[in-house]
Amino acid sequence: MPLATRSVLRAPTRLATAGAVLALLGLSSAGTAPAAAADAVERVKEQGFARIAIANEPPYTQIQSDGKVTGAGPELAREIFKRLGVPELVASVSEYGAMIPGLQARRFDIVDAGLFIKPERCRAVIFSEPNLCDAEAFAVKKGNPRNLTSFADVKSTDAKVGVPGGGSEERLALEAGVPRDRVVVAPDGQSGLKMLQDGRIDAYALPTLSIRDLLDKAGDENLEIVTPVKNTPIYCAGAAFNKQDTALRDAYDRVLAEMKKSGEFQKIVGSYGFPGDAALMVTREELCGGKN
Ligand code: 6CS
């Protein structure tokens with residue numbers, strides 16, 4: 001059963017006030033969806049926290065053992081919202097494929113989880129300027145016995161590839177012509193690695209920094225990384241917002257631009273291994289293929 005969305009309160013875990021629970025459920029205290037305030041910044045300020053969707057895929061997003069939500073995306077969002085006068089983040093774990101519908105249904109105020117900026121997504125939500133850039137990678141058995149270096153290699157063999165549900169790797173595999181029954185959705189990184197270790201898949205596809213983090217933590221000498229995956233782009237993610245929340249997106253962008261200029265942005269994302277300068281070399285408009 002693919003993971004959809006479950007709510008995690010930021011540690012030190014706050015007592016879930018009725019308002020917070022209702023807000024997480026996409027309801028205001030009046031029991032109806034929060035009014036799409038003319039100025040979303042004021043709506044979130046009045047709420048007292050920003051509802052953020054994460055995937056729990058380190059180093060992009062991570063829920064620590066004490067419940068604290070960290071990772072490059074949430075750390076960046078936490079600092080930006082603090083400067084906007086919003087002191088708290090309240091996180092929900094979501095599959096990538098459920099993040100955009102969650103924004104559209106106003107279950108979240110922001111996705112800051114390494115959601116890659118792509119034209120088809122730019123038609124559904126609005127993005128900040130780029131923040132987290134990365135290549136694509138496969139985790140494979142040591143020696144790469146199936147010689148899988150691209151999604152085309154997966155297609156031309158009877159290999160199976162593990163992917164995150166609704167994620168870019170799933171789309172890359174299907175677009176390369178890998179049959180649907182050989183594109184296997186893994187609900188999270190640990191499950192994907194286990195599927196590889198058990199031989200249920202021949203490669204597990206995620207962004208490079210995510211695969212590196214998984215392999216470092218697994219310490220399994222029978223696994224190795226292939227990166228970059230041939231014929232795949234360097235992706236850059238941005239924070240994503242409901243299309244009506246242009247004021248909130250623009251406010252996020254203003255602070256992000258200040259932090260990029262001061263070097264604070266590069267320091268935060270760099271501490272998680274991300275090349276901050278890569279995000280300065282491309283724009284949202286270029287990645288969306290037009291205005292967003
Ligand atoms: O945005 C995406 O689709 C991809 N982003 C990350 C950080 N991990 C996997 C996912 O497919």
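## A walk through the model

Start by selecting N147: with 54% relative accessibility, this residue counts as exposed (buried means under 20% relative accessible area, exposed over 50%, and partly exposed lies in between, using a 1.4 Å probe on protein chains only). What you have open is a predicted model, where local features need pLDDT of at least 70 and side-chain atom pairs count only at pLDDT 80 or more, while totals for chains, interfaces and linings use all residues. Residues are numbered from 1 along each chain as its sequence is written, and side-chain values use heavy atoms, leaving out hydrogens and water.

**Stop 1: the loop around N147**

N147 sits in the loop between β9 and α6. Helices (H or I, at least four residues) and strands (E, at least two) are DSSP runs numbered from the N terminus. Check the backbone here: phi of N147 is near 50 degrees, a positive value in a residue that is not glycine. Now click on N144, in that loop between β9 (136–141) and α6 (151–156). N144 also has a positive phi, about 45 degrees, without being a glycine. Most residues other than glycine have a negative phi. Is N144 buried or exposed? At 12% relative accessibility, N144 counts as buried. Beyond its neighbours within four places in sequence, N144 is in contact (heavy atoms within 4.5 Å) with T149, E224 and V226.

**Stop 2: two cis peptide bonds**

Most peptide bonds are trans. Select P58 and P59, though, and you'll find a cis peptide bond with omega at about 0 degrees. P59 is in the loop between β2 (49–54) and β3 (62–63). Then jump to T227 and P228, also joined by a cis bond, with omega about -5 degrees. P228 belongs to the loop between β13 (223–226) and β14 (235–237).

**Stop 3: the ligand**

Show everything around the ligand and you get 13 residues, the closest being E57, F116, R121, S168 and E169 (a residue is near if one of its heavy atoms lies within 4 Å).

- Y96: an N or O atom of its side chain is 3.3 Å from a ligand nitrogen.
- G114: a backbone N or O atom is 2.9 Å from a ligand nitrogen.
- F116: a polar backbone atom is 2.8 Å from a ligand oxygen.

**Stop 4: helices α3 and α10**

Color α3 (residues 72–83) and α10 (residues 246–262): they pack at about 105 degrees, with axes 10 Å apart. Axes are lines fitted to C-alpha atoms over the stretch in contact, and angles run from 0 to 180 degrees between N-to-C directions. The pair is therefore roughly perpendicular, the word for 65 to 115 degrees. Show side chains L76, A77, E79, I80, F81 and R83 of α3, which meet L248, Y252, V255, L256 and M259 of α10. By class, this contact has nine nonpolar, no polar and two charged residues (Ala, Val, Leu, Ile, Met, Phe, Trp, Tyr, Cys and Pro count as nonpolar, Asp, Glu, Lys and Arg as charged, the others, Gly among them, as polar).

**Stop 5: E285**

Next, select E285 in helix α12 (residues 284–288). At 41% relative accessibility, E285 counts as partly exposed. Leaving out residues up to four places away in sequence, E285 touches G290 and K291. Its side chain makes a polar contact with that of K291 at 3.4 Å (N or O atoms within 3.5 Å; within protein, one able to donate a hydrogen and the other to accept it, with residues adjacent in sequence counting only if both atoms are side-chain atoms).

**Last stop: zoom out**

The protein chain has twelve helices and 15 strands, and buried residues make up 54% of its 292 residues.

Definitions and conventions: Angles under 35 degrees count as roughly parallel, over 145 as roughly antiparallel, 65 to 115 as roughly perpendicular and the rest as oblique.
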